[in-house]
Amino acid sequence: MINFFRLTWLPALLLVLLIVVWELAVRAWAAPDLIHKIYPLPSGIAEAMWSKSFLLLQNSWVTLQEILIGLSLALVLGFIVALLIFYSSTLERLLYPIIILTQNVPVFAIAPLLVIWMGFNIWPKVVVAALIAFFPMVVNTVDGLRSTEPDLIQLFKILGADRWQRLIHLRIPAALPLIFSGIKIGVTLSVVGAVVGEWVSSEVGIGGLGRLMMTEKRLLHVDTVFAAILWLALLGLMLFMAVSLLERWALRWKHAAEARYNLAEAKEA
Amino acid sequence: MHLNVKGLFHCFPSLTAAIDVLDDVQLEIQSGEFVSVLGPSGCGKSTLLNVISGLLTPTSGHLFIDDVEVPHAQSQVAYMQQKDLLLPWRRALPNAMLGAQLNKANLMDAETEARKLFEQFDLAGYEQHYPSELSGGMRQRVALVRTLLTHRPLWLLDEPFGALDALTRMRLQDWMLKAWENVQQSILMVTHDLDEALVLSDRIYILTPRPAHVHAVIKVSLPRPRDRMSVAFTEVKKELWDVLSEVLSKSD
Ligand SMILES: Nc1ncnc2c1ncn2[C@@H]1O[C@H](COP(=O)(O)OP(=O)(O)OP(=O)(O)O)[C@@H](O)[C@H]1O
Ligand SMILES: [Mg+2]
């Protein structure tokens, strides 16, 4: 905790300083009738966070759902595709180029089409979030499955394990560290994906934080736009921290191994 | 189980020149016999065990189990490799039970047995430690428990006590002797320790430097338990020592 405090007080101080400078600068130089409309003011953002908290919360919940469903889809499908690629070199040659290709098509280009195909509902955004998180999941899982030590594979042979047992008791546990870094990259990307999906979908009702940003911008409520951005950042941070906690628990054996050499505290000097 | 190895050759392909490791190795383990293998470091002992256990296909040679030729003895051997190879994500007890689990043995029985062996091998209290939290000697003992729990008729042990201090080593040797006398296990053990070979074995194979060839087989007919300090013991040790120095001097 002391460590945490020591690590956070400096960036926190810097942040407060930046906010103060921002507030003063806008008040000093911006045309008064454009403040809150085009130039956001920190105090205005705080006010919007408070007065529009219900609206922000409602929209955050929608965006969170999109992210969670999209991420889960990417996780499950990514894992299955990774297994297919790992076990069949034919499928590897077939699937890998397609996956890399989809990765190079910008989501901005596909998102409007998805809306046309699937309608003004949650699904086009879920699909965009899933698409964007899919790639790191597949690549990391494949690399993870390939990272098993040959000596341990020999051990499993000696003990008479079959293919299935080797996968469950050896390959997947050995792949977990890389799978988790895939999920962490995927989480951050899927937040972006969901918002991109919301931008291109113009529906009535609660359309998520991305949609809220667009409508509030049109109404020249730039403070609310920034409040939505803040919420989005918090959402992303919370998801990332949740995955990190899960990782810490699932890979607790790694922390035990690091503690052997004081690595947990020392890091790379 | 009776294992017979005949005319075993092995050579590792390499970029420059092929490396000959096993050169016409003949070896036999009678049912219920305790056999040790001694030989200089790098001569091919681990390679020999890898071939018997089926991890490595030899260049040529024949393996017989109870006079039937087999490609390898994988399903018959409990092989403890030179490295402990514990799974870093499993705690000590589940690591020790890995073989039993993979062979779909009754896990309750396996656990009872594993706990008993932990007790006997001074591992009690460390059941829930990760391998990285154990010392080298402790890891080796966990690997030994894992090997024993597979209940195969032939034990292949590659320096099973290499990482242990003299006292613990002697205690485990005594334990192994008792275990072996109780179940009349066939055992093939690689060791670098003359005393260990002499205390335990019926016969000792002495291998030449690489490529390994059986230089001599010494029969130890002292009654068990053997007193390491007795005159008879020292005499056999002297004989063994002479043969070994002969082998080593030939390598120059
Ligand atoms: N995969 C390989 N490719 C090439 N050479 C190898 C390979 N594996 C082992 N060797 C060589 O074969 C020889 C015998 O190795 P092995 O591990 O069997 O020795 P060892 O008798 O068990 O030695 P030690 O007592 O040190 O454990 C060594 O010279 C080693 O360099
Ligand atoms: Mg060896």
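Where in chain B is Pro225(B) found? In this predicted model, Pro225(B) sits in the loop that runs between β10 and α8 (231–250) of chain B. The bond that joins Arg224(B) to Pro225(B) is a cis peptide bond, with omega about -5°. A cis peptide bond also links Arg210(B) to Pro211(B), and its omega is near -5°. Pro211(B) belongs to the loop between β9 (203–207) and β10 (214–219) of chain B.

Positive phi angles were examined next. Asp122(B) is not a glycine, yet its phi is positive, at about 65°. The residue lies in the chain B loop between α4 (107–120) and α5 (136–148). Its relative accessibility is 41%, so Asp122(B) counts as partly exposed. In chain A, His36(A) has a positive phi of about 75°, although His36(A) is not a glycine either. This residue is placed in the loop between α1 (2–29) and α2 (42–51) of chain A. With a relative accessible area of 37%, His36(A) is partly exposed.

Chain B also contributes to a metal site. The magnesium ion (ligand 2) is coordinated by OG of Ser46(B) and OE1 of Gln82(B), at 2.0 to 2.2 Å. Ser46(B) is part of helix α1 (residues 45–52) of chain B, whereas Gln82(B) lies in the loop between β6 (77–80) and α2 (92–96), so the pair ties together parts that are 36 residues apart in sequence. Ser46(B) is partly exposed, at 21% relative accessibility.

Six residues from domain 1 and eight residues from domain 2 make up the contact. Together the two domains bury about 600 Å² between them. Carbon and sulfur atoms account for 79% of that area. On the domain 1 side, Trp22(A), Glu23(A) and Val26(A) supply 67% of the area buried against domain 2. No other three residues of domain 1 supply more. Between the domains, the count of salt bridges is zero. Two residue pairs are in polar contact across the domains of chain A, both at pLDDT 80 or more.

Technical notes
Residues are numbered from 1 along each chain as its sequence is written. Chains are lettered from A and ligands numbered from 1 in the order in which they are written. This is a predicted model: local features need pLDDT of at least 70, side-chain atom pairs count only at pLDDT 80 or more; totals for chains, interfaces and linings use all residues. Side-chain values use heavy atoms; hydrogens and water are left out. Helices (H or I, at least four residues) and strands (E, at least two) are DSSP runs, numbered from the N terminus. Buried means under 20% relative accessible area, exposed over 50%, partly exposed in between (1.4 Å probe, protein chains only). Donors are N, O and S atoms within 2.8 Å of the metal (3.2 Å for Na, K and Ca); water is not among the atoms, so sites may look incomplete. Contact means heavy atoms within 4.5 Å. Buried area is the accessible area (1.4 Å probe) that two parts lose on being put together, summed over both. A salt bridge is a side-chain nitrogen of Lys or Arg within 4 Å of a carboxyl oxygen of Asp or Glu. A polar contact is a pair of N or O atoms within 3.5 Å; within protein, one must be able to donate a hydrogen and the other to accept it, and residues adjacent in sequence count only if both atoms are side-chain atoms.
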